[in-house]
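Student: I would like to learn how to read salt bridges, cavities and nonpolar cores in a model.

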Amino acid sequence: MSPTHVIVIGAGARGRRGATELLAAGITDIVIVDKAEGKALDWPAALDGLLRPGREVVGSRFDDDTHTWELQTASGENYHGSVVIAAHRSEHVPWIPELAGRNEFQGVSFHAAQWDPDFDPIGKRIAVVGTDATAGHYLGQLTAAAASVSVFAHAPRRIVDELPLPTTRVKRWLRRHTRPASRAEQSRPALVKSAICAITPSGIRTSDGVDHRADAVIFATGFAVPEQTPDTALVGTGGLTIRQAWEAGMEPFLGVAVYGFPNYFFISGPAIGGQARYVAECAGLMNRTGSTRIEVRRSSQQVFNERAHVKPAQPFRARSAFDLSSQAAGEETYDGMATLTIAGTCLPVRVRLTGHVDPIDGHYHWQGTVFSSPSQPLPEEALKRARTATLTVGQRSAPARIVEKTPWGTHSVAGVGAPPYARSGS
């Protein structure tokens, strides 16, 4: 397969970084389109010849038959590419929920994705509403400098109960057996379980009747699609528009991909270097596997949007988070309860599974995520010795392979052959 043809939208810092990482990954068939005329003053020599200035992209549509994107410019030009990297602007904007009293707060208030460069956290009591990945990027420096940082739960994050924080017994052991830690190492945000009732002039009131005083409120509540975005701005597989795919409060997987939009990536920040490298890794994976289509799994995106991010989100292997194929295939899904049998032990679990017939080998491939019960976690020692298991849904069972433990504490699972859920027509 020839190198993936990549269209980078935007010649600013994000677009230049994305193109540079693609070149470093050996992907040279690149076009950069930008609505501005000419190059930036710090334009890298390595990118010479790639820029198409004066082209404002106003619409992008995915072709399910050819696995390519068609981009239309304001002047009526059309560009076709296998992969698109949107580095000019986001199809989504920071979203702040309409909480009671939000406009009455007398302190500093802003969204983590629109960081106030003049904000000084030193000595302040800071309330963080929600914990999207943007907040995770900043929480470490906030807790190191502020007088206090309190994190408040807000949908869709399943925040407090699943955070991997040490128990009191563990913390006592650590104090006895480890060296004294710096303030940055000791600092942890306080986690507030109760729902928010209202924003008050002096802080946040929760459903348990407690008033939490704050000097600053930072919203980390994800993103939404702007009202003025036309339906033709971004259209994915099967005619799916970005507005149909998006719910207020969600964000792209690792900031770079959305389920339903194959071969389309974002570089949205704040960690543009890490995002650019991850996108280049995905494009390189397509080349190495001879794939024409790469799409983040529904389960990967959903878990990412449900988990709390109290530290910077760490990318993990693209092969386990994305589906690869050489032609579009009807995907079947199952989301519900199941039984996982491993090392002779039967465990109740919840699973999200997807599957399709791979046109390359003709076999049915299925994969997804296993969520264990907090009261009955998966046996880690058994998993280290054997990755094979049996997954049962109702009367159907199938051999399964535990691929890996994800950064969010769940487990990726996969199988080849008849899945444990009923297929259409079966």
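Predicted model: local features only at pLDDT ≥ 70, side-chain atom pairs only at ≥ 80, totals over all residues.

The dialogue below takes up these features in turn.

Student: How many helices and strands does the chain have?

Tutor: The chain has nine helices and 27 strands; these are DSSP runs numbered from the N terminus, helices being H or I with at least four residues and strands E with at least two. Of the 426 residues in the chain, 48% are buried. Buried means under 20% relative accessible area, exposed over 50%, and partly exposed in between, with a 1.4 Å probe and protein chains only. Contact means heavy atoms within 4.5 Å. Among contacts in the chain with a separation of 6 or more, 64% join residues 24 or more positions apart.

Student: How many salt bridges does the structure hold?

Tutor: Side chains of opposite charge can pair when their charged atoms come close. The criterion is a side-chain nitrogen of Lys or Arg within 4 Å of a carboxyl oxygen of Asp or Glu. The structure holds 13 salt bridges. One of them pairs Glu21 with Arg17, with 3.1 Å between the closest N and O atoms. Both residues lie in helix H1 (residues 13–24), four residues apart, about one turn of the helix.

Student: Are Glu21 and Arg17 buried or partly exposed?

Tutor: Glu21 is buried, because its relative accessible area is 16%, whereas Arg17 counts as partly exposed at 31% relative accessibility. In another salt bridge, Asp48 meets Lys39 at 2.9 Å, N to O. Asp48 is partly exposed at 42%, and Lys39 is partly exposed at 49%. Glu98 forms a salt bridge with Arg102, the closest N and O atoms being 3.3 Å apart. Here Glu98 counts as exposed at 68% and Arg102 as partly exposed at 22%. Elsewhere, salt bridges that share partners join Asp64, Arg293 and Glu295 into one network.

Student: Which residues line the second largest cavity?

Tutor: Rolling a probe the size of a water molecule over the atoms shows where empty space is left. On a 1 Å grid over the protein atoms alone, a cavity is a set of points where a 1.4 Å probe fits but cannot get out, and lining residues have an atom within 4 Å of a point. The second largest cavity is lined by Ile9, Val57, Val58, Gly59, Ser60, His88, Arg89, Glu91, Ala233 and Tyr264. Strand S4 (residues 57–63) gives the most to this lining, with four residues.

Student: Which residues have the most contacts inside the largest nonpolar core?

Tutor: In soluble globular proteins, nonpolar side chains tend to be buried together. A nonpolar core is a set of buried Ala, Val, Leu, Ile, Met, Phe, Trp, Tyr and Cys residues joined through side-chain atoms within 4.5 Å. The largest has 39 residues, and those with the most contacts inside it are Leu22, Ile32, Ile85, Phe253, Phe265, Tyr278 and Phe322. Helix H6 (272–289) is among the elements that each supply at least two residues of this core, and the largest share, eight residues, comes from H6. Apart from this core lies another, of 21 residues, including Phe62, Tyr79, Ile242 and Val258.

Methods. Residues numbered from 1 in each chain as written. Heavy atoms only, no water. 1 Å grid on protein atoms, 1.4 Å probe; cavity = no way out; pocket = protein on both sides within 12 Å on 5 of 7 lines; lining within 4 Å.
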